[in-house]
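Please take a moment to look over the fold before reading on. The paragraphs below begin with a sheet and the helices on it, and then turn to a single residue.

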Amino acid sequence: AELVADIKTALREVQQDVNTRNVYMNERDRFIYEQGLFEGIDFPDGSDKTLFNYLQRAVQIHTSQFMGRGFQLYSTYNKEDLSAYPEGSEEAQKAELKNKKLKVLSETRQRVMSAIIEDNGGMAKFEQGAELGSSYGETVYKTYLDKKNGKVVISLLETPQNYFPLWSDSDFRERDGDAYVYQMSLAKAQKSYGSKFKEGELISITSEGDPFTNNNTADPINQTLGASPTPATQSGRKMVTLIEYTGIIQGWCYTGKDSFYRCKPGEEKPFNVLIVGDKIVEAITNESYMPRYWRIPNKVVPRRTHGASDISQSAIDVNKTLIEVMSTWITLFHKEISPLYKAKGFISGSIPTRKRKGATFVPMTLEQDISELGRQGDLGNASRQIIEELKDSLVRVLGIGRVLFDDPTINPTSNQALMTTLKGVVDIVESKQKNHEPVLIDMFKDALELSTKIAPELKEAVEDPGYRLYVKWPSVLRREDASYQQMWQNRFNAGN
């Protein structure tokens, strides 16, 4: 109970940072995938209300440009220099045999990494992760060993709002631990973990959407993270909170598999526990078998606990203004095709109506008259000019050329002009590649080590001290693009 309380206290210390991040993520979710762009816009009665949402398409474009064709992992090895030995000598033959063996080990590592990717759904999982990063600002993967099925699992956290990083430094780059906090129904918790509880022992209950306020007790320990939930996420349904924590907790050590005790600060060792309600039901103290969390910011922001989305506040504001102007323009257009007339001297029900696609004759007395009311001037043309300016502003703040929005009006006069329109998205993709590369390398090094637990014959390949992994990305410009072909033609003509 004391360890559980200390873990919850550690989570409380980062709660403010997590809340700030989650507000940022939930706002993006609302604007991109729901109707959040309508918020704050006044639509008078009778005005057009159409959701012109460019943000979702922007996320799709960024995702496709960055991870649409995946990546390749390669393994290198330290090759012996045969020129250092006399030709045909015994030393040269041994060095050649060693090089052949190192090459085989390198190919083995590459095959294992490819198999791990395929076992986990191929590149589709990483493309989905790129979409989450583009939308929310960061992607989080979890890797662990599935002993039952004998494979290394790469899991994407589709709800990164449930992820709690325990930062160890003020630069928000190193972590003491990682926690994933989520809820499940009481029935499922009893079915899955009921055997871990003694007869008559209650499972702590929380309300759906409020995972840290215990409804069984008023003990403050169980209310350490009682941040006010939003009405949209909170309900009266009774749930059970689960916390999976991996890392160190100040002042806690262990002996054996699941015997924890207090120790001197600085002597802590990492562990993994699964907490159901207020009880530890599973524990892993062997570091080789502990799950790992891999956090990749979409865009690194200095001195911020979370990454930045491709959808900036400026893009949201421009898109909202575009909706407002489009509403005005379409409303005026409706008035153009359905003008307002003044009918003088007619009684109710006798006002004539105009025939479609034909002449209309209206018999009137001297006291009767029908005339069109004055129009609002040339606001339609002004609206169209404003709309074009807003579209230009939108593609600039999104970093996406209008040609990628399938805009048929864009017709660059040369391949060089086309490449210029793609410069923004190329820069963004290359920045994302640099953010992902070191994390992917560490992730797959760890995955290779995990694979030796289920296939000991791989140990020699994984424990080779001289190997290195690197990530190769496809060209940002696709081969079918005219600009890509022109680039290679220019290189060929230049002799490169």
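Two strands are taken to pair if DSSP finds at least two bridges between them, and helices (H or I, at least four residues) and strands (E, at least two) are DSSP runs numbered from the N terminus. This is a predicted model, in which local features need pLDDT of at least 70 and side-chain atom pairs count only at pLDDT 80 or more, whereas totals for chains, interfaces and linings use all residues. Residues are numbered from 1 along each chain as its sequence is written, and side-chain values use heavy atoms, with hydrogens and water left out.

Three strands form an open sheet in the order β3-β2-β13, with antiparallel pairing. Because β3 (151-156) and β13 (292-297) each have a single partner strand, they stand at the edges, and one side of each is left without a neighbour in the sheet. From one strand to the next the twist averages 20°. Six bridges join β2 (residues 138-146) to β13 in the antiparallel sense, and Tyr-141 stands opposite Trp-294 in β13.

Helix α5 (residues 124-136) packs on this sheet, touching β2 and β3, and its direction makes about 145° with that of β2; axes here are lines fitted to C-alpha atoms, for helices over the stretch in contact (heavy atoms within 4.5 Å), and angles run from 0 to 180 degrees between N-to-C directions. Helix α10 (residues 423-454) lies across β2, β3 and β13, running at about 165° to β13.

Ile-284 is found in strand β12 (residues 279-284), and its relative accessible area of 27% makes Ile-284 partly exposed, that is, between buried (under 20%) and exposed (over 50%) with a 1.4 Å probe and protein chains only. Leaving aside residues up to four places away in sequence, Ile-284 touches Phe-271, Asn-272, Tyr-289, Met-290 and Pro-291.
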